[in-house]
Amino acid sequence: MSLADKVLAVNNDLPIRTHQPVHSGKVRSVYWLTEEDSRRLIQEKGYKVAPDAPLAIMVISDRISAFDCIWHGEEGLNGVPGKGAALNAISNHWFRLFKEQGLADSHILDIPHPFVWIVQKATPVKIEAICRQYITGSMWRSYEKGEREFCGIRLPEGLKKDQKLPELLMTPSTKGILKGIPGVPEADDVNITRQNIEDNFAAFNFKSRDDIATYERLLKEGFEVISQELAKIDQVFVDTKFEFGYVTDDQGNEKLIYMDEVGTPDSSRIWDGPAYREGRIVENSKEDFRQLLLKHFPDPDILLNKERMPEREVLAENNALPVEVLMNISRTYVGIAEKITGQKLELSDNPKADIIAILRDQYGLVD
């Protein structure tokens with residue numbers, strides 16, 4: 001079996017029983033279960049949700065996206081070996097710690113396979129909840145140009161690139177295109193202020209104005225849990241993106257939860273501690289891949305300039321990256337996952353066949 005065969009690049013063609021179209025994102029695909037299968041699994045597995053709660057199977061892939069494009073490699077390598085399993089393992093680890101420490105639940109009800117979550121349907125808060133502990137990336141680029149206000153927060157003078165900020169900053173942006181909100185452009189992923197959220201909390205899908213403080217508390221506490229745990233393995237938690245949503249529990253209570261993924265190399269910057277103390281940045285996250293792409297192509301503006309998106313898409317489609325590039329990313333993802341979880345990541349030779357067998361034999365979801 002070739003290396004390419006071990007990669008789960010296409011994850012929206014599984015024979016999972018569903019009456020709805022499969023929703024396929026950059027990395028994950030979501031299969032909404034039938035009402036009958038949702039009710040059956042809730043009863044059989046004892047999931048602590050309302051008996052009529054809609055459930056879904058969420059299948060991760062090994063695809064890698066950067067600059068809003070999917071990238072591929074030579075020799076038919078259409079993903080990064082081990083990436084999907086690494087992302088899920090890391091999220092599972094943090095979600096469990098959050099629950100154990102009394103922060104909040106997640107949308108995950110069951111983990112049938114390293115690539116698969118069974119999740120409860122949640123109503124998402126339309127905010128990319130971003131926390132920053134160091135000044136780097138887009139914040140530094142803006143600061144270097146002379147900007148001192150970021151998401152309504154005033155930054156002090158004299159900051160240096162990659163230094164630790166005086167305090168943890170929450171710098172939210174929009175999730176999706178939101179219309180009719182004063183002062184908020186109708187575009188995806190635009191920076192917003194706390195005042196924007198307070199003045200229009202319902203437009204961001206908050207149930208009450210008080211829930212804004214709850215989301216901020218969960219964001220800050222979640223960040224601190226991950227940061228403290230990473231410090232134990234001498235890794236620096238630089239910044240991250242959380243997502244939140246509402247679910248109804250088995251008692252009929254609506255509650256705010258963590259959803260999507262948390263603290264992964266896809267959603268966060270993680271730096272190697274010893275290298276940082278020596279004045280070097282060694283990324284243990286997708287940022288390493290982004291920087292490689294910027295150096296790999298002669299015109300990096302194509303990757304950075306949103307107005308050149310059509311050119312960027314052609315670039316990603318027509319350029320197969322060297323296998324070693326994707327294998328370096330694989331080593332980064334698998335390595336940080338094993339450090340965080342303290343366990344060796346077991347990778348399947350044929351993940352798709354394994355997923356189908358488990359969902360058929362143990363969950364009755366494949367005809």
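I start with a pair of side chains: S173 and D189 are joined by a polar contact of 3.0 Å. By polar contact I mean a pair of N or O atoms within 3.5 Å; within protein, one must be able to donate a hydrogen and the other to accept it, and residues adjacent in sequence count only if both atoms are side-chain atoms.

Before going on, this is a predicted model, where local features need pLDDT of at least 70, side-chain atom pairs count only at pLDDT 80 or more, and totals for chains, interfaces and linings use all residues. Residues are numbered from 1 along each chain as its sequence is written, and side-chain values use heavy atoms, with hydrogens and water left out.

Back to S173, which sits in strand β13, residues 173-174. Strands here are DSSP runs of E, at least two residues, and helices are runs of H or I, at least four, numbered from the N terminus. S173 has a relative accessible area of 0%, so it is buried; buried means under 20%, exposed over 50%, and partly exposed in between, with a 1.4 Å probe and protein chains only. Leaving out residues up to four places away in sequence, S173 touches K126, I127, E128, I130, D189, V190, N191 and I192. Contact means heavy atoms within 4.5 Å.

D162 counts as buried because its relative accessibility is 12%. Its side chain makes a polar contact of 3.3 Å with the side chain of K161. Beyond four places in sequence, D162 is in contact with residues including Y134, W271 and Y276.

Now the helices. Two packed helices are described by the angle between their axes and the distance between the axes. The axes are lines fitted to C-alpha atoms, for helices over the stretch in contact, and angles run from 0 to 180 degrees between N-to-C directions.

Helix α2 (residues 83-100) packs on helix α5 (residues 210-232) at about 115°, with the axes 10 Å apart. W94, L97 and F98 of α2 meet G222, V225, I226, E229 and L230 of α5.

Which helix does α7 (residues 287-296) cross at roughly 160°? The partner is α10 (residues 323-341), and the two axes come within 10 Å. α7 is therefore roughly antiparallel to α10, a term for angles over 145 degrees; under 35 is roughly parallel, 65 to 115 roughly perpendicular, and the rest oblique. D288, F289 and L292 of α7 make the contact with V325, L326, I329 and T332 of α10.
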